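Here's a quick briefing to read alongside the structure. Have the sequence and the model open, and let's walk through the helices, the sheet and the salt bridges.

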Amino acid sequence: MARRGDTIELAVLGLLHEGPMHGYELRKRLNLMLGWGRVLSYGSLYPALKKMLRANLITEASATTTSTSRRPRIVYEVTPAGNEQFQRLMSEVGPTAWEDDNFDIRFAFFSSTDMEIRLRVLEGRRSRLQERLARVQAELARTQAEVDRYAGELQRHGVESVEREVRWLSDLIRAERGDEHGTPPSQTTTEHQH
């Protein structure tokens, strides 16, 4: 299982790969990326930034002061070592690549990833979800008579969510394979919801 700090590091490096940002902007973009259910606090972000500074993955620079503050804002930039780390993390293929939090972050930066790696990550995620779906369906069948209506509805909702994501991943995989032959990817990427 990927540690939350590793997921934050990947996300920060990916965002700074796009350009320099200050802490508030990073947090705002990370929260958008992580989704409504996983809000990132400053208490999680700033220790991760300090650790990345010590590892020379990012640097700090002072930006101009704003009219509302006399204090200059610190802007973070990715270093060459940070770019190398980002590329290394994005090229990793294995179980941590398709875990819930890590997959979402990696997917946000898929345009920086080789097609073969994208396919392996998508296929790994789909396989992981199919295993999860089989477990949930078996549990649902066993407990259906034992649970009340609302607990049953919650289980059914979970099954439908995983089935929807498996279909979405299958569409993405077909689109990726179609790209090898010059076919544009389908427009299904906007349908992904957890």
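Helix 5 (residues 100-108) and helix 6 (residues 115-143) have axes that come within 12 Å and cross at roughly 150°. That makes helix 5 roughly antiparallel to helix 6 (the label for angles over 145 degrees). Keep in mind that this is a predicted model, where local features need pLDDT of at least 70, side-chain atom pairs count only at pLDDT 80 or more, and totals for chains, interfaces and linings use all residues. Residues are numbered from 1 along each chain as its sequence is written, and side-chain values use heavy atoms, with hydrogens and water left out.

**How the terms work**

- Helices (H or I, at least four residues) and strands (E, at least two) are DSSP runs, numbered from the N terminus.
- Axes are lines fitted to C-alpha atoms, for helices over the stretch in contact, and angles run from 0 to 180 degrees between N-to-C directions.

**Helix 5 against helix 6**

- The crossing of helix 5 with helix 6 is left-handed, meaning that the near helix is turned anticlockwise from the far one by less than a right angle.
- From helix 5, Asp100, Phe103, Arg106 and Phe107 meet Ile117, Val121, Leu122, Arg125 and Arg132 of helix 6, with contact meaning heavy atoms within 4.5 Å.
- Sorted by class, this contact has five nonpolar, no polar and four charged residues; Phe, Ile, Val and Leu are among those counted as nonpolar, and Asp and Arg among the charged ones.

- Three strands form an open sheet in the order 1-3-2, with antiparallel pairing; strands pair if DSSP finds at least two bridges between them.
- Strand 1 and strand 2 are the edge strands, each pairing on one side only.
- Helix 3 (residues 42-54) packs on the sheet and touches strand 2 and strand 3, its direction making about 105° with that of strand 2.
- Two bridges link strand 1 (residues 21-22) to strand 3 (residues 74-78), and His22 has Val75 as its bridge partner.
- Five bridges link strand 2 (residues 58-62) to strand 3, where Ala61 stands opposite Val75.

**Salt bridges**

- The count comes to nine salt bridges, each a side-chain nitrogen of Lys or Arg within 4 Å of a carboxyl oxygen of Asp or Glu.
- One of them joins the side chains of Glu60 and Lys50 (3.5 Å, N to O).
- Glu60 lies in strand 2 and Lys50 in helix 3, so this pair ties together parts that are ten residues apart in sequence.

Definitions and conventions
Parallel < 35°, antiparallel > 145°, perpendicular 65-115°, else oblique.
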